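This report describes a single protein chain for a reader who meets it here for the first time. Please keep the sequence and the model in view while reading.

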Amino acid sequence: MANKKGKGKGPGNNVIAQNKKARFEYHIDETFEAGLVLAGWEVKSLRAGKAQLTDTYILVKDGEAWLLGSHIMPLNTASTHEVADPTRTRKLLLHRKEIAKIFSRSQEKGHTCVPLKLYWKGNRVKCELALVTGKKLHDKRATEKDRDWQRQKGRIMREQNRA
């Protein structure tokens with residue numbers, strides 16, 4: 001067996017955490033890829049898949065982007081020598097032009113920037129950010145209706161293939 005850890009190279013295996021609520025709550029206008037400044041215990045926790053992105057947002061302050069509200073649960077074995085803060089503010093690594101674009105667009109009414117997912121790219125942790133606008137209630141209903149129809153269509157197709 002060439003791969004000792006059992007992790008395949010297939011798609012979807014590199015995703016650590018997703019913010020599924022963001023795709024339901026917002027219209028995604030533009031996406032960015034950002035690096036994350038992490039402590040050693042955080043990387044070990046991320047390898048174990050102990051991260052959440054619910055109620056997380058991006059703040060641009062003094063020309064730097066910050067990830068607020070993300071929760072990385074510390075492992076008992078990894079963080080014995082230091083006090084681990086699971087909800088600490090983490091710095092995002094972006095180009096100056098990208099930060100300026102995110103800052104200017106998030107100042108507009110109805111626009112914000114949210115993280116969509118954390119994933120591995122090689123041995124580095126990356127965060128996919130999105131500039132988004134909030135959906136109205138009727139848009140959310142349409143999204144839910146479309147999702148239900150896709151699910152129903154899949155059931156019908158499976159039943160047809162069995163017969």
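The chain contains four helices and nine strands; helices (H or I, at least four residues) and strands (E, at least two) are DSSP runs numbered from the N terminus. Along the sequence they follow the pattern β-α-β-α-β-β-β-β-β-α-β-β-α. The model is predicted, so local features need pLDDT of at least 70 and side-chain atom pairs count only at pLDDT 80 or more, while totals for chains, interfaces and linings use all residues. Residues are numbered from 1 along each chain as its sequence is written, and side-chain values use heavy atoms, with hydrogens and water left out.

**Overall burial and contacts**

Of the 163 residues in the chain, 31% are buried; buried means under 20% relative accessible area, exposed over 50%, and partly exposed in between (1.4 Å probe, protein chains only). The chain exposes about 11,100 Å², of which carbon and sulfur atoms supply 50%. Accessible areas come from the Shrake-Rupley method with a 1.4 Å probe, and for residues only the protein chains shown count as cover. Among contacts with a separation of 6 or more, 70% are between residues 24 or more positions apart; contact means heavy atoms within 4.5 Å.

**The nonpolar cores**

A nonpolar core is a set of buried Ala, Val, Leu, Ile, Met, Phe, Trp, Tyr and Cys residues joined through side-chain atoms within 4.5 Å. The largest one has 25 residues, and Leu46, Leu92, Leu94, Ile102, Leu118 and Leu129 touch the most other members. Elements that give two or more residues to this core are β1 (15–18), β2 (26–36), α2 (40–47), β4 (57–61), β5 (64–68), α3 (96–107), β8 (111–121) and β9 (124–134). The greatest contribution to this core, four residues, is that of β9. Apart from this core lies another, of five residues, including Ala22, Val114, Leu116 and Ala130.

Neighbours within four places in sequence left aside, Ile102 is in contact with Phe32, Val60, Leu94, Cys113, Leu129 and Leu131.

**Strand pairing**

Two strands pair if DSSP finds at least two bridges between them. Strand β2 runs antiparallel to β9, and nine bridges join them; His27 has Thr133 in β9 as its bridge partner. Strand β2 is also joined by two bridges to β7 (residues 90–93), again in antiparallel fashion. Here the bridge partner of Leu36 is Leu92 in β7.

**Helix α2**

Which residues of α2 are buried? They are Trp41, Glu42, Ser45 and Leu46. These residues lie on the same side of α2, because they cover an arc of only 140° around the axis, the arc being that of the directions from the helix axis to the C-beta atoms. Their cover includes β1, β3, β6 (71–72), β7, β8 and β9. After α2 comes Gly49, with a positive phi near 80°.

Most residues other than glycine have a negative phi.

| Residue | Phi | Loop | Relative accessible area |
|---|---|---|---|
| Asp55 | about 60° | between β3 (51–52) and β4 | 61% |
| Asp62 | about 55° | between β4 and β5 | 72% |

Asp55 is exposed, and Asp62 likewise counts as exposed.
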